[in-house]
Amino acid sequence: MTKEIYTWEAISAIVIASCAGDVFLSHAMKQVGDVGELWRRKGLVTVIGRILRNPWFIGGVLCMTIAFYSLLFALSWEDVSLVGPAAAALTFVANAVAARIFLHERVDRRRWIAALLVAGGVLLLAA
Amino acid sequence: MTSSKYLVLAGVTVCAAAGDSLLSRGMREVGNISFQNLPSIVLAILNPWVAIGIVFLLGFFASYMTALSWADLTYVLPATSLGYVLLALIAKFALHEQISVTRWLGILLISTGVGFVTRGPELTHNPSREISPRSARALAARQK
C-alpha cells in the first residue's frame with residue numbers, strides 16, 4: 001500500500017512539474033522563433049545563446065528537473081510500462097488545458113477527443 | 001510539414017522511449033529509494049544505465065525544443081505518442097516486464113487518441129508573429 005501511495009504521489013509530482021515545464025518551454029521557444037530558420041540565418045551559436053538567455057527557458061528547465069527526479073523516484077518503485085505512460089498521458093491531458101489557458105492554443109474538438117481517449121488509456125494502464 | 005520536421009518528431013519519440021527504458025533498467029539496479037535514503041537519488045546518476053539514459057533524454061530535449069519552436073505544445077505531445085508503443089515493446093522484449101492485455105489496450109487507446117491530433121494543423125497560435133499594439137500604432141502612423 002505504501003508503495004502504491006509513493007508511486008502515485010511521485011506520478012502527481014511528475015505531472016504538475018512537467019506540465020508547468022512544458023508550458024514555460026513552449027512559450028520560450030515561440031519567443032525564440034523557428035530554430036531551423038534562425039540557424040540558417042544567424043548560426044547555431046546565436047540560436048543557443050537566445051534559448052539560454054530566455055527566462056522562460058530557465059524556469060522550464062527547473063520544472064523539468066523536478067519532474068525528472070520525481071520520475072527516478074517513481075521508477076525505483078514501479079515498472080516503466082506503468083509509470084512512463086501514466087505520467088506522460090496525464091501530463092498530456094493537463095497540457096491540453098494549460099495550453100488553452102496560458103498559451104492560447106486553439107484546442108479544438110479533435111484535440112479534446114484525443115485528450116479523453118488518452119485519459120481512458122491511462123485508466124486501463126492503471127487498472 | 002517538411003521531411004526534416006518529421007525527422008525531428010521521430011527524434012523526440014525514439015529518444016524519449018530509449019531514455020525512459022534505460023533509466024528504468026538502471027533504477028532497478030540502484031534499488032528502491034525512500035525519504036530516509038534521499039542522497040542515493042543523486043548517486044543514481046553514477047549507474048551506467050542511468051547515465052546513458054540521461055544522454056538519450058538530452059537528445060530528446062534538443063529535438064523537443066526544436067519541435068516546440070515551430071509547432072503547438074498540443075501538437076508536439078500527441079504527434080510523438082508512438083513512443084508509448086515503443087516503450088511497451090522495449091519493456092516487454094528488453095526489460096522482460098509482464099504486460100497484461102488491459103495494459104496493451106490502454107496503450108492502444110492512448111495511441112489512437114493522440115494519433116487524431118496529427119491530422120490537424122501543427123500551429124494555431126504564434127505570439128512571435130503577432131504585431132504588438134505599439135508597433136501596430138507605429139505602422140499606422142508611418143502609413144499616414
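A residue is buried if 20 or more other C-beta atoms lie within 10 Å of its own, exposed if 12 or fewer, and partly exposed in between, with C-beta atoms placed from the backbone. By that count, 40% of the 144 residues of chain B are buried. For chain A, the figure is 50% of 127 residues.

This is a predicted model, in which local features need pLDDT of at least 70 and side-chain atom pairs count only at pLDDT 80 or more, while totals for chains, interfaces and linings use all residues. Residues are numbered from 1 along each chain as its sequence is written, and chains are lettered from A and ligands numbered from 1 in the order in which they are written.

**Chain A overall**

- Chain A has six helices and zero strands; helices (H or I, at least four residues) and strands (E, at least two) are DSSP runs, numbered from the N terminus.
- Its pattern along the sequence is α-α-α-α-α-α.
- The C-alpha atoms of chain A fill a box of roughly 55 × 35 × 20 Å along the principal axes.
- Two residues are in contact if their C-beta atoms, placed from the backbone, lie within 7 Å.
- Of the contacts in chain A with a separation of 6 or more, 78% are between residues 24 or more positions apart.

**Helices H2 and H3 of chain A**

- The axes of H2(A) (residues 35-42) and H3(A) (residues 44-53) come within 7 Å and cross at roughly 130°.
- Axes are lines fitted to C-alpha atoms, for helices over the stretch in contact, and angles run from 0 to 180 degrees between N-to-C directions.
- On the H2(A) side, Val35(A), Leu38(A), Trp39(A) and Lys42(A) meet Leu44(A), Thr46(A) and Val47(A) of H3(A).
- The residues of this contact divide into five nonpolar, one polar and one charged. Ala, Val, Leu, Ile, Met, Phe, Trp, Tyr, Cys and Pro count as nonpolar, Asp, Glu, Lys and Arg as charged, and the others, Gly among them, as polar.

**The loop at His104(A)**

- His104(A) sits in the loop between H5(A) (80-102) and H6(A) (109-126).
- Its phi is positive, about 55°, although His104(A) is not a glycine.
- His104(A) is exposed, with 12 other C-beta atoms within 10 Å.

**Chain B overall**

- Chain B has seven helices and zero strands, running α-α-α-α-α-α-α from the N terminus.
- Among its contacts between residues at least 6 apart in sequence, 77% join residues at least 24 apart.
- The 28 residues of H1(B) should span 40 Å at 1.5 Å a residue, and the end C-alpha atoms are 40 Å apart, which agrees. The expected span is 1.5 Å times one less than the number of residues.
- Gly31(B) follows H1(B) and has a positive phi, near 95°.

**Core and interface**

- The largest nonpolar core has 76 residues. Such a core is a set of buried Ala, Val, Leu, Ile, Met, Phe, Trp, Tyr and Cys residues joined through C-beta atoms within 7 Å.
- Ile14(A), Ala74(A), Ala87(A) and Leu68(B) have the most contacts inside the core.
- H1(A) (residues 2-32) gives the most to this core, with 13 residues.
- Leu68(B) touches Leu25(A), Ser26(A), Met29(A), Leu73(B) and Val76(B), not counting residues up to four places away in sequence.
- The contact between the chains takes 46 residues from chain B and 45 residues from chain A.
- H6(B) supplies the largest share of the chain B side, twelve residues.
- That side divides into 26 nonpolar, 16 polar and four charged residues.
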